[in-house]
Amino acid sequence: MNLGLIGFLLLMWVLIVVGGGIAVMILGPFTVSGFGKLGLFVASVIKAIVALSLVVLWIMILLKLKNWIFKKELRP
Amino acid sequence: MIDLLIPAVVSCIIAFITVYVTVPPLIKILDKRNLAVRDVNKKGDIMVARPGGPAILAGIIASEIVLYAFFQSSEIIAIIITTSAAFLIGYVDDKRVMGGWFKPVALAVAALPIIALGAYDSDLAFPLFGSVHIPILYLALIVLMISITGNTINSIDVLNGAASGFMVIASFSLSICLFIVQNYEIAVVSLPLGFVSLAFYKYHKLPSRIFPGDSGALTLGAMYGAIAIAGGVEIIAAVALLPAVINSFLFLSSVKKIVEHRQIRGRPVEHTDDLRLKATSDRDAPVTLVRLILAGGPLSEGQVVSAIFKLALFSGVLAVITAFMMGVSV
């Protein structure tokens, strides 16, 4: 069995678990004060931006991992 | 849980038998209408009937209607409508090749019945850490999920038996996970997907007598996504689907745009003289799961499919571990 693919699968799984941890432990309880009734909305916008940034960051990490794990296979 | 046993057994039998019985006449009808495509991995002009989607949909609808008679839940209706819509989208693509954006966008629309019928819980559950309540963001997740699961299963439908066999492993893994997280009703609702895939695999496995086509692959993928949402096991479902997700990820990261695979110029795989599959050194060819499996040297079609199944099994085990981790909090 292709060990590179197994390793890539495992790393993706670890990234999913870690990403979940960040979402629940840090992003979930995040609140902002000083905006009155808009506080919830502002917090939601910040959470959405951070979540999307994390998705982009995760994709970039995966691309780096892909190039690192499959550097031999991807060489033309 | 005993009261779920009868609906589970009856629906699984109906799912399996419906597909098992309807595929042979469907092959005859498709052959008669000249609806067959060349199997590019075989010597000579071996023609294979396509699409097998109608038989797959028949099995799903028949078994889910039986389950609805027992449970009367809106989740089952949502799964049936979304799956049927995905079938129609695939059928249009089978008949007439559409642009690269057609399937992702149309599948996003197919997800709307799940939202309209409220067949979801807007808490996104993660292993070890609990869940987050994301009422607005979750709606976007529903739309994305159906689009992604449908297209990833479609993208892995490249070799004899690959898509249906992969779906057997992924869907049974998902059913086991639903039992582990004690969502018994959706676990029972998910079982027909595995049995439909298993019955279809009998005709799709090497050497294929029928291909699922876009209508079959999108039907299987969309139903898988709909079950994941209705069962609140989105993360677990994503883990069980990882080899197919990797395939789509590799493809998109090398092509760098959403494009229909038929529009790609470079071929990722070619044939040796003895008709084994071999990775090409074509710079324009996309990187795919099959290409990486073949990086170690040429393999027969059966060996490549077997490697995909091993990866699916590995992901299935990871999904089961993830399901157990849902009950643990740090």
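# Notebook: cysteines, salt bridges and the A–B interface

I began with B:C177, which counts as buried because its relative accessibility is 0%. The model I am reading is a predicted one.

Entry 1. B:C12 is at 9% and so counts as buried. I then searched the whole structure and got zero disulfides over all chains.

**Entry 2. Salt bridges.** Next I searched for salt bridges. I noted several of them in chain B.

I took B:K42 and B:D39 to start. They form a salt bridge, with 2.9 Å between the closest N and O atoms. Are these two residues buried or exposed? Both B:K42 and B:D39 are buried. A network of salt bridges links B:D39, B:K42 and B:E301.

Then I turned to B:K103. Its side chain meets that of B:D93 in a salt bridge, at 3.1 Å from N to O. B:D93 sits in helix α3 of chain B and B:K103 in helix α4 of chain B, so this pair ties together parts ten residues apart in sequence. I found both B:D93 and B:K103 buried.

B:K103 has a salt bridge with B:D214 too, the closest N and O atoms being 3.5 Å apart. Which parts does this pair tie together? B:D214 lies in helix α9 of chain B and B:K103 in helix α4 of chain B, so the pair joins parts 111 residues apart in sequence. I wrote down both accessibilities. B:K103 is at 4% and therefore counts as buried. B:D214 has a relative accessible area of 7% and is buried.

**Entry 3. The helix that carries B:K103.** I wanted the rest of helix α4 of chain B, residues 102–110. Its buried residues are B:K103, B:P104, B:A106, B:L107, B:A108 and B:A110. What covers them? The cover includes α3 (74–95), α5 (112–116), α6 (135–155) and α9 (213–231) of chain B.

**Entry 4. Where the chains meet.** Last, I looked at chain A against chain B. I counted 25 residues of chain A in contact with 31 residues of chain B. The area buried between the two chains is about 2,500 Å². Carbon and sulfur atoms give 90% of that area. On the chain A side, A:L5, A:L9 and A:W13 lose the most area to chain B. Together they make up 25% of what that side buries.

I checked for charged pairs across the interface. The count of salt bridges between chain A and chain B is zero. How many residue pairs are in polar contact between these chains? I found two, both at pLDDT 80 or more.

I then asked which elements of chain A supply the side that touches chain B. Those giving two or more residues are α1 (3–27), α2 (39–69) and α3 (71–74) of chain A. The largest share comes from α1(A), with 14 residues. I sorted the residues on this side of chain A by type. They divide into 19 nonpolar, four polar and two charged.

Note on methods
Residues are numbered from 1 along each chain as its sequence is written. Chains are lettered from A and ligands numbered from 1 in the order in which they are written. This is a predicted model: local features need pLDDT of at least 70, side-chain atom pairs count only at pLDDT 80 or more; totals for chains, interfaces and linings use all residues. Side-chain values use heavy atoms; hydrogens and water are left out. Contact means heavy atoms within 4.5 Å. Buried area is the accessible area (1.4 Å probe) that two parts lose on being put together, summed over both. A salt bridge is a side-chain nitrogen of Lys or Arg within 4 Å of a carboxyl oxygen of Asp or Glu. A polar contact is a pair of N or O atoms within 3.5 Å; within protein, one must be able to donate a hydrogen and the other to accept it, and residues adjacent in sequence count only if both atoms are side-chain atoms. Helices (H or I, at least four residues) and strands (E, at least two) are DSSP runs, numbered from the N terminus. Ala, Val, Leu, Ile, Met, Phe, Trp, Tyr, Cys and Pro count as nonpolar, Asp, Glu, Lys and Arg as charged, and the others, Gly among them, as polar. Buried means under 20% relative accessible area, exposed over 50%, partly exposed in between (1.4 Å probe, protein chains only). A disulfide is a pair of cysteine sulfur atoms within 2.5 Å.
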